[in-house]
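Visitor: I would like to learn how to read a few local features in a model such as this one. Could we go through them one at a time?
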Amino acid sequence: MSRMQILIILAVSAFLVPGVSTACAATPPDRQIAITIDDLPAGNADFMSAADITQMTTKLLAALHEQKIPAVGFVNERKLYRTGEVDERIKALDLWPDAGLELGNHTFSHPSLNKVSLKAFEDDVIQGETVTRLLLAQHKMTLRYFRHPFLETGRDLQTRREVEAFLSERGYHIAPVTLDAWDWMFGGIYEEAKKRGDTALQREMVKSYLTYTDVVFAYYEQLSKQIIGYEPKQILLLHGNWLEADHIGELADLIRKRGYRFITLEDALSDQVYSLPDMYIGEEGTNWLDHWAITLGKPRQGFPVVPASIQEQYEALTKPHVP
Ligand SMILES: [Zn+2]
């Protein structure tokens, strides 16, 4: 059905049942969403200079401030250790708590819990706390959130539960994800285009990314209603990259247009949905709405995949970016 046909039907129904349609139009959905930004100080930090990381971070934080978005950033401290740049990289990371934004732990080196041993994973969590904890303490904040790399939560339930208990003992709340539009993939292509000065490709990536985001939101809003009966306070996964630094304002506009207001991660986690039974195990790191659907015996159907052309361009990158 075309947009015009939809408009005609809406206009006709408004004429036939004015009361109902006016009520619908007057009450846009009250949706809430928390923003989380992974892989700090930058997704592609291994291929960026400290100056570039600082510039990207500054731009991203200014946009978040302007948009009044209370984001939490998740750190991989390994990316801080480059000879001659450690101080400058830590300083770039410190811009987050300086801006009043909290940092969480995303492990030291971004291992998948599906691929390393329990002990190796736990050691990586501990190793990932050092600098972040110090920076937060200097701003009177505590390290309290953890995000699984690749969203991979373990191949079996025992591993999954053991890590959850370990994280809880160390004072962490796990930060689930309910919305994820793979910005790391669009962002990888965008950053390489930016380096080459290919503005046409940059524009194309922004457009594709925003279009895909809209589709992902529509899919998971619908799935939310289907599996839990309402749309919970959602948690969106983004990454520290130039795509977000340059365009997060447009993304925020799109999200607001869908009826959302931005809330803190703490507020989002107060939603009862985050204590629903979650028995998900599997090779694929995926979002928590999928976890709950699978736990309820409703396998994923019709998931909107990233367009094949984007996947192909991403595969062809000289230095593929890791999510
Ligand atoms: Zn990550």
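Visitor: To begin, where is the place of Asp 39?

Guide: Asp 39 sits in strand S1, and please keep in mind throughout that this is a predicted model.

Visitor: Which protein donors does the zinc ion have?

Guide: A donor is an N, O or S atom within 2.8 Å of such a metal. Here the protein donors are Asp 39 through OD, His 106 through NE2 and His 110 through NE2, lying 2.1 Å from the zinc ion, and in sequence these residues follow the spacing D-x66-H-x3-H. The site links distant parts of the chain, since Asp 39 in strand S1 and His 110 in the loop between strand S3 and helix H5 are 71 residues apart.

Visitor: Is Asp 39 buried or exposed?

Guide: Buried means under 20% relative accessible area; Asp 39, with 1%, is therefore buried, and His 110, at 10%, counts as buried too.

Visitor: What about the backbone of Asp 39?

Guide: Asp 39 has a positive phi of about 70° although it is not a glycine, and His 110, likewise not a glycine, has a positive phi of about 65°. Further, the peptide bond from Leu 40 to Pro 41 is cis, with omega near 10°, and Pro 41 belongs to the loop between S1 and helix H3.

Visitor: At what angle do helices H8 and H9 pack?

Guide: An angle over 145 degrees counts as roughly antiparallel. Helix H8 (residues 183-196) and helix H9 (residues 199-228) pack at about 165°, their axes 8 Å apart, which means that H8 is roughly antiparallel to H9. The crossing of H8 and H9 is left-handed.

How values were computed: Residues are numbered from 1 along each chain as its sequence is written. This is a predicted model: local features need pLDDT of at least 70, side-chain atom pairs count only at pLDDT 80 or more; totals for chains, interfaces and linings use all residues. Side-chain values use heavy atoms; hydrogens and water are left out. Axes are lines fitted to C-alpha atoms, for helices over the stretch in contact, and angles run from 0 to 180 degrees between N-to-C directions. Helices (H or I, at least four residues) and strands (E, at least two) are DSSP runs, numbered from the N terminus. Angles under 35 degrees count as roughly parallel, over 145 as roughly antiparallel, 65 to 115 as roughly perpendicular and the rest as oblique. A crossing is left-handed if the near helix is turned anticlockwise from the far one by less than a right angle, and right-handed if clockwise. Donors are N, O and S atoms within 2.8 Å of the metal (3.2 Å for Na, K and Ca); water is not among the atoms, so sites may look incomplete. Buried means under 20% relative accessible area, exposed over 50%, partly exposed in between (1.4 Å probe, protein chains only).
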